[in-house]
Amino acid sequence: MKTIKQKKQLPPIVLGSSSPFRKQLLEKLQLPFSQHAPDIDETPLKNESPQQLIERLSLLKAQAVAESHPEHIVIASDQCATFDNRPIGKPHTHENAVKQLTQFSGKTIIFYTGLVVIDPRDGVHHQTLDITQVKFRQLSPQTIENYLRAEQPYQCAGSFKSEGLGITLFEAIESQDPNALIGLPLIKLTSIFQDMGITLPLAD
């Protein structure tokens, strides 16, 4: 397969997500791309683990977008936060966020972030999974209240924004890629592009 060295040689790229966070992350690679949100059933299967769920949904999203964008490089991702191996949802309200962070105090939660890239030149899909562990400090009720009032992360799984003040709640983050926690593992994405003959960064 021909090696791509310039942006003008790239097939068009589509990000299979409407997430503004994934959009901001992908923009770091300075590549032109569009966005298209896939419409798939995200209901977990019976006895499906969070890791299996994320791997399956990432692939389904990529395949759904590839059907309507057959000439595009498709990038799709999905993520699940878990506590005691149970999925963590978005709190939506202040009360629920207080409950989540109180539960997490001194404990560790795990994020599974799936990534699939489909290359239109040969139809091959590349798939990988990032696992990030977030260990919380001992959080006092006042710390939780101060944080939630300051950042109001009620639409974020786990009730925090790691790219913002949420970092003050943590004792440690164990991950191969800090971008994965926000929603898109850019290091693994760059490695996949490398396998596809696309060495980043590309020349204009």
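Is isoleucine 131 buried, exposed or partly exposed? The legends below, written for a predicted model, begin with that residue and then move to other close-up views.

View 1. Isoleucine 131, which belongs to strand E7 (residues 125-136), is partly exposed, with a relative accessible area of 41%. When neighbours within four places in sequence are set aside, isoleucine 131 is in contact with Gln51, Ile110, Phe111, Tyr112, Glu174 and Ser175. Although isoleucine 131 and serine 175 are 44 residues apart along the chain, their C-alpha atoms are separated by 6.6 Å.

**View 2. The whole chain, given as context for the close-ups.** The chain's secondary structure comes to six helices and nine strands. The radius of gyration of the chain is 18 Å, close to the 17 Å that the globule rule gives for 204 residues, so the chain is as compact as a globular protein of that length. Along the principal axes, the C-alpha atoms fill a box of roughly 55 × 40 × 25 Å, and buried residues make up 47% of the 204 residues. Of the contacts between residues at least 6 apart in sequence, 66% join residues at least 24 apart.

**View 3. Isoleucine 73 in strand E4.** Isoleucine 73 has its place in strand E4 (residues 73-83) and is buried, with a relative accessible area of 0%. Not counting residues up to four places away in sequence, isoleucine 73 touches Leu10, Pro11, Pro12, Ile13, Val14, Val117, Ile118, Pro120, Phe193, Met196 and Ile198. Between isoleucine 73 and leucine 29, which are 44 residues apart in sequence, the C-alpha to C-alpha distance is 14 Å.

**View 4. Helix H3 and the elements packed against its buried residues.** In helix H3 (residues 94-104), the buried residues are His94, Ala97, Gln100, Leu101 and Phe104. Seen down the axis of H3, these buried residues fall within an arc of 120°, so they line one face of the helix. An α-helix has 3.6 residues a turn, so residues three or four places apart point the same way. The buried residues of H3 pack against E4, strand E5 (86-88), strand E6 (108-118), E7 and H4, whereas the face turned away from the buried side carries the exposed residues Glu95 and Lys99. Just after H3, glycine 106 takes a positive phi of about 75°.

**View 5. Helix H6 and the segment that follows.** Helix H6 (residues 186-195) has Leu186, Lys188, Leu189, Ile192 and Phe193 as buried residues. Around the axis they cover an arc of only 160°, which puts them on the same side of H6. One of these residues, Phe193, is also among the residues that isoleucine 73 touches. Glycine 197, which follows H6, has a positive phi, near 85°. In strand E9 (residues 198-203) lies proline 201, and the peptide bond from leucine 200 to proline 201 is cis, with omega near 0°.

**View 6. Two loop glutamines with positive phi.** Most residues other than glycine have a negative phi, and most peptide bonds are trans. Glutamine 30, in the loop between helix H1 (20-27) and E3, is not a glycine and yet has a positive phi of about 55°. At 57% relative accessibility, glutamine 30 counts as exposed. Glutamine 152, in the loop between helix H4 (141-151) and strand E8 (170-174), likewise has a positive phi, of about 50°, although it is not a glycine.

View 7. Serine 17 is found in the loop between strand E2 (13-15) and H1, and is buried, with a relative accessible area of 7%. Residues up to four places away in sequence aside, serine 17 touches Arg22, Gln35, His36, Ala37 and Pro38. Lysine 46, in the loop between strand E3 (34-35) and helix H2 (50-68), is exposed, with a relative accessible area of 78%. The C-alpha atoms of lysine 46 and glutamine 155 are separated by 26 Å, the two residues being 109 residues apart along the chain.

Conventions:
Residues are numbered from 1 along each chain as its sequence is written. This is a predicted model: local features need pLDDT of at least 70, side-chain atom pairs count only at pLDDT 80 or more; totals for chains, interfaces and linings use all residues. Side-chain values use heavy atoms; hydrogens and water are left out. Buried means under 20% relative accessible area, exposed over 50%, partly exposed in between (1.4 Å probe, protein chains only). Helices (H or I, at least four residues) and strands (E, at least two) are DSSP runs, numbered from the N terminus. The arc is that of the directions from the helix axis to the C-beta atoms. The radius of gyration is taken over C-alpha atoms; the globule rule is 2.2 Å times the number of residues to the power 0.38. Contact means heavy atoms within 4.5 Å.
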